[in-house]
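Here is a short briefing to read alongside the structure. Take a look at the sequence and the model, then follow the points below.

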Amino acid sequence: MVQEQINAPGGKNDALDEAVEAAQVQISAPAIDALLEQIDTVLETDAQAFVEGFVQKGGE
């Protein structure tokens, strides 16, 4: 049904426009910032552990 609405000739697709607007309203900048901060923390921790695995110890 959505495919039919998207491919309908001429005119606007009000149902699709409303769905897009609703999705955009649900996205908030603070929530995105918090998620990105969590990702950065995990990547930093994992990267540090990864690099430590390759550091030579005692002249090895």
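Let's begin with Asp40, which is found in helix α3. This is a predicted model, where local features need pLDDT of at least 70, side-chain atom pairs count only at pLDDT 80 or more, and totals for chains, interfaces and linings use all residues. Residues are numbered from 1 along each chain as its sequence is written, and side-chain values use heavy atoms, leaving out hydrogens and water.

**Overall make-up**
- The protein has three helices and zero strands (DSSP runs numbered from the N terminus: H or I of at least four residues for helices, E of at least two for strands).
- Its elements run α-α-α from the N terminus on.
- Of its 60 residues, 2% count as buried (under 20% relative accessible area; exposed is over 50%, partly exposed in between, with a 1.4 Å probe and protein chains only).

**Negative patch**
- Asp33, Glu37, Asp40 and Glu44 gather on the surface as a patch of negative charge (patch residues have over 30% relative accessible area and no salt bridge, with like charges joined within 9 Å and nonpolar side chains, namely Val, Leu, Ile, Met, Phe, Trp and Tyr, within 5 Å).
- A salt bridge here is a side-chain nitrogen of Lys or Arg within 4 Å of a carboxyl oxygen of Asp or Glu.
- Asp40 counts as partly exposed because its relative accessibility is 46%.

- Leu35 lies in helix α3, residues 29-52, and counts as partly exposed because its relative accessibility is 48%.

Technical notes: Accessible areas come from the Shrake-Rupley method with a 1.4 Å probe; for residues, only the protein chains shown count as cover. Lys and Arg count as positive and Asp and Glu as negative; His and the chain ends are not counted. The place of a charge is taken as NZ of Lys, CZ of Arg, CG of Asp or CD of Glu.
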